[in-house]
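Visitor: I am new to this structure and would like to know what the terms mean. Could you show it to me first?

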Amino acid sequence: MKPIKVGLLGLGVVGGGTWKVLARNAEEIARRAGRRIEVTRVAVRDVAKARMRVGNEVEVAADPHAIVRDPSIDIVVELIGGDTLARELVLEAIANGKHVVTANKALLAKHGNEIFAAASAQGVMVAFEAAVAGGIPIIKAIREGLTANRIEWVAGIINGTTNFILSEMRSRGLPFAQVLAEAQRLGYAEADPTFDIEGVDAAHKLTLLASLAFGVPVQFERAHVEGISNLAAEDIAHAARLGYRIKLLGITRRRADGIELRVHPALVPAERLLANVEGAMNAVLVRGDAVGPTLYYGQGAGEEPTASAVVADLVDVTRLHTADPGNRVPHLAFQPDAMSDTPILSIEDTETSYYLRMRVEDRPGVLADIARILSDASISIGSMIQEPSSDGSGADIIFLTHLARERNVNLAIASIEASPFVRSTVTRLRLENLT
Ligand code: NDP
Ligand code: HSE
């Protein structure tokens, strides 16, 4: 059978990895796909640099539009990134009847509804395994492996850069800026690394996971997003003393009244597998009503791990492109006409446990006053530690609460911060037992 023709947009970290893996494993991949998968055109900005890499047998040019319009191309692989040019190219490729493979979570989290609708109308596939958790086949697992289940929640470490930073800071005591530079050198970070640091990249991925798990439209704008830039070293140390590790988690949970969709640093019990995921590794925990908890672990970023997912999509599309579009796996796991309008809940409706740290005057009655404020807000204390503050000005108190509603926690924090005996703002971190 004649080879399937691929146009590769971008030959950077992921594009370069895809080129390498396709070349190295060409025979094995063809045996799986049923035909050879051949990159025939490449688009980049720096054509000379790309030619050194791919040689003269492949056409390299600076105009990606020419590739998405080329009638000889069957599959367009978008590995440029961003959501402006990439959106134009993907929509144009779809309009020209081409299947698309992309690793671009920013694009799909913001424009996924439009892109998937356009693809369904044209009867083409948009495959995006590499967009979530790098090399881990988590989309395949949720979309196909767990279809029997009513999925209850998904929680995971889905940004390699921040997990690498937190791990290196904790285990080697390295400064934030140095570790971030190393993550960039290793190709883990986004073009704009604030997307990693501020939790935006994880929220892009979580948005896609929520749609796949619960059959709701893609709603990135409804996600609660917090990154690791405000995390204090003393909270990492206190958490360790209390038996927890701090991880940047993405959590989406189905409740009777809606869906939680949130990314933030969280205390995770140190004995949980998720707490021990280090470096650029990712791990996603999915709980289904039939299967119970399942855990997926692997490299979440970088050249070849991400290429592994891109090439898997290429094989999938190659196998399925002659199938009747109605019989293919739906883009977001649920049939497009069976999507649910279950609302995404505000962060104020989140229910979880909390770590609250504050500096107070060290005198009789203060602890009782704080306990009363928490109790008035229906917040039950799980445990507490108090120690002299490092500057000798008073005492540091840390509470771990039982399950509480974020709205009540906000009220309690406002009330504590307004009290005359409090010498600091209250640091609030969420605590996830993941059971
Ligand atoms: P890079 O910056 O390494 O590569 C981007 C590529 O796109 C480069 O080859 C660049 O060309 C090309 N490019 C940029 N603008 C244009 C343009 N206007 N016309 C033609 N080509 C252009 O990015 P990554 O490979 O890291 O990321 C690509 C995508 O994969 C992003 O969506 C990212 O979020 C996603 N992703 C990245 C992962 C990673 O670990 N890095 C993991 C999972 C997903 P040139 O080489 O000439 O500059
Ligand atoms: N910047 C992303 C990360 C790349 O660090 O996880 C993988 O999506």
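Guide: Let us begin with ligand 2: one of its oxygen atoms is 3.5 Å from an N or O atom in the side chain of Asn 159. This is a predicted model, where local features need pLDDT of at least 70 and side-chain atom pairs count only at pLDDT 80 or more, while totals for chains, interfaces and linings use all residues. Residues are numbered from 1 along each chain as its sequence is written, chains are lettered from A and ligands numbered from 1 in the order in which they are written, and side-chain values use heavy atoms, with hydrogens and water left out.

Visitor: What is the distance between a nitrogen atom of ligand 2 and the side chain of Glu 190?

Guide: A nitrogen atom of ligand 2 is 2.7 Å from an N or O atom in the Glu 190 side chain. A polar contact is a pair of N or O atoms within 3.5 Å (within protein, one must be able to donate a hydrogen and the other to accept it, and residues adjacent in sequence count only if both atoms are side-chain atoms). Asp 196 also has a polar side-chain atom 2.7 Å from a nitrogen atom of ligand 2.

Visitor: Why is Lys 205 called buried?

Guide: Buried means under 20% relative accessible area, exposed over 50%, and partly exposed in between (1.4 Å probe, protein chains only). Lys 205 has 4% relative accessibility, so it counts as buried. An unreviewed UniProt entry lists Lys 205 for "active site"; such positions use the numbering given here, feature names are shortened, and annotations may be inferred rather than shown by experiment.

Visitor: What makes Lys 205 and Asp 201 a polar contact?

Guide: Their side chains are joined at 2.6 Å, and the limit is 3.5 Å.

Visitor: Which strands pair with E1?

Guide: Two strands pair if DSSP finds at least two bridges between them. Strands (E, at least two residues) and helices (H or I, at least four) are DSSP runs, numbered from the N terminus. E1 (residues 4-9) and E2 (residues 37-43) pair in the parallel sense over six bridges, and E1 pairs with E4 (residues 75-78) in the parallel sense over four bridges. Val 6 stands opposite Val 39 in E2, and Leu 9 has Glu 78 in E4 as its bridge partner.

Visitor: Why is E1 described as largely enclosed?

Guide: Five of the six residues of E1 are buried, so the rest of the structure largely encloses this strand.
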